[in-house]
Amino acid sequence: MAQHTEHLGLNRTGVQMSPIDTKSMLNVDESERGEPGNEQALVDVRSPYIAEAEGLGSIPLPATISGALNMGVQMLKGDSPQILLDKLGERMAFERTGARLYDALITKCEVMGGGQLSMALEDLAVIRADEARHFLLLKNAIESLGGDPTAQTPSADLVGIEASGLVQVLNDPRTSVAQSLHAIVTAELADKAGWETLIALADEHELIEMVNDFTLALNDEREHLALVQTWYEEALGLTYGDVEIEPPTSSAAAKP
């Protein structure tokens with residue numbers, strides 16, 4: 001089982017582990033090195049694929065008559081509802097991944113413990129519930145526009161690929177709690193930026209209720225980010241005195 005803190009070990013990846021061989025390697029006659037590296041062959045292979053590619057996909061057409069009419073009206077007004085639907089799909093995909101990331105972190109902490117961190121399993125459960133609730137919020141938003149929340153939009157496909165590395169980090173049994181929190185910080189930074197973009201798009205389309213709901217979700221994500229950054233710094237041994245950390249609170253509880 002991986003330890004909570006990094007440790008010194010026999011790491012042979014650096015050249016300083018074999019100074020004699022390194023010196024010999026660096027003293028090779030220039031004539032034996034061959035031609036300098038050239039990336040042109042790789043460029044030649046990639047270029048046709050880039051030129052011929054059709055993109056990650058398309059925005060699905062509305063599945064209902066009312067949805068089609070709603071999209072048509074917005075497009076006649078000069079709006080771009082397809083971009084909004086694409087970004088709604090993106091955030092929904094990311095929130096689903098977020099819930100899975102916290103599931104994995106909870107499991108890791110149950111096995112390994114949290115050490116001296118101010119983080120508690122109850123805190124992680126609250127954040128995980130927020131991510132799941134945000135997912136349902138976005139599902140309802142897509143349906144309200146006549147879209148199909150089960151369809152994968154291009155941006156949803158994109159963030160799925162982006163987040164796959166984070167999922168691998170959390171599910172790797174070798175990663176420590178500190179390393180797992182590093183991945184969570186990365187996810188929360190991306191999540192915060194994504195909600196800010198989505199709010200701007202909803203505001204542009206004058207969808208006031210969505211703007212209000214998404215702003216509450218953004219406030220949740222800002223709180224998540226502040227907490228996981230603190231826990232990550234604690235895991236690294238960084239201290240800033242006796243700072244009291246408020247436990248996470250769901251914005252759902254604050255709504256009337």
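The model is a predicted one, in which local features need pLDDT of at least 70 and side-chain atom pairs count only at pLDDT 80 or more, while totals for chains, interfaces and linings use all residues. Residues are numbered from 1 along each chain as its sequence is written, and side-chain values use heavy atoms, with hydrogens and water left out.

**View 1. The chain as a whole.**
The secondary structure comes to nine helices and zero strands, where helices (H or I, at least four residues) and strands (E, at least two) are DSSP runs numbered from the N terminus. Read along the sequence, the pattern is α-α-α-α-α-α-α-α-α. Of the 256 residues, 35% count as buried, a term that means under 20% relative accessible area, with exposed meaning over 50% and partly exposed lying in between (1.4 Å probe, protein chains only). Among contacts (heavy atoms within 4.5 Å) between residues at least 6 apart in sequence, 80% join residues at least 24 apart.

**View 2. Serine 155 and glutamine 168 in helix α6.**
Serine 155 counts as buried because its relative accessibility is 8%. When residues up to four places away in sequence are not counted, serine 155 touches Asp86, Lys87 and Glu90. Glutamine 168 also lies in helix α6, but at 56% relative accessibility glutamine 168 counts as exposed. From C-alpha to C-alpha, glutamine 168 and serine 180 are 9.9 Å apart in space, and they are twelve residues apart in sequence.

**View 3. The largest nonpolar core and tryptophan 231.**
The largest nonpolar core has 30 residues, and those with the most contacts inside it are Leu105, Met119, Leu124, Leu181 and Trp231; such a core is a set of buried Ala, Val, Leu, Ile, Met, Phe, Trp, Tyr and Cys residues joined through side-chain atoms within 4.5 Å. Two or more residues of this core are given by each of α4 (81-112), α5, α6, α7 and α8, and the largest share, nine residues, comes from α4. With residues up to four places away in sequence left out, tryptophan 231 touches Leu117, Ser118, Met119, Asp123, Leu124, Ile127 and Leu181. A second, separate core of 19 residues includes Met92, Leu145, Ile199 and Met210. In soluble globular proteins, nonpolar side chains tend to be buried together.

Grid points are joined across faces, edges and corners, and a volume is the space filled by probe spheres set on the points. The largest cavity has a volume of about 70 Å³, and its lining consists of Ile59, Pro60, Leu85, Gly89, Met92, Ile142, Gly147, Asp148, Pro149, Ala151 and Thr153. α4 gives the most to this lining, with three residues. By class, the lining of the largest cavity has seven nonpolar, three polar and one charged residues, where Ala, Val, Leu, Ile, Met, Phe, Trp, Tyr, Cys and Pro count as nonpolar, Asp, Glu, Lys and Arg as charged, and the others, Gly among them, as polar.

**View 4. The second largest cavity.**
The second largest cavity has a volume of about 50 Å³ and is lined by Phe94, Gly98, Leu101, Tyr102, Glu131, Ala187, Glu188 and Asp191. At least two residues of this lining come from each of α4 and α7, and α4 supplies the largest share, four residues. The classes are four nonpolar, one polar and three charged residues.

**View 5. Glycine 146 in its loop.**
Glycine 146 lies in the loop between α5 (121-144) and α6 (154-171), and it counts as buried because its relative accessibility is 8%. Glycine 146 and leucine 85 are 61 residues apart in sequence, with a C-alpha to C-alpha distance of 9.6 Å in space.

**View 6. Helix α7 and glutamate 206.**
α7 has 28 residues and reaches 41 Å from its first C-alpha to its last, close to the 40 Å expected at 1.5 Å a residue, the expected span being 1.5 Å times one less than the number of residues. Glutamate 206 is placed in the loop between α7 (177-204) and α8 (208-235), and it has a positive phi of about 60° although it is not a glycine. Most residues other than glycine have a negative phi. Glutamate 206 is exposed, with a relative accessible area of 61%.

Methods. 1 Å grid on protein atoms, 1.4 Å probe; cavity = no way out; pocket = protein on both sides within 12 Å on 5 of 7 lines; lining within 4 Å.
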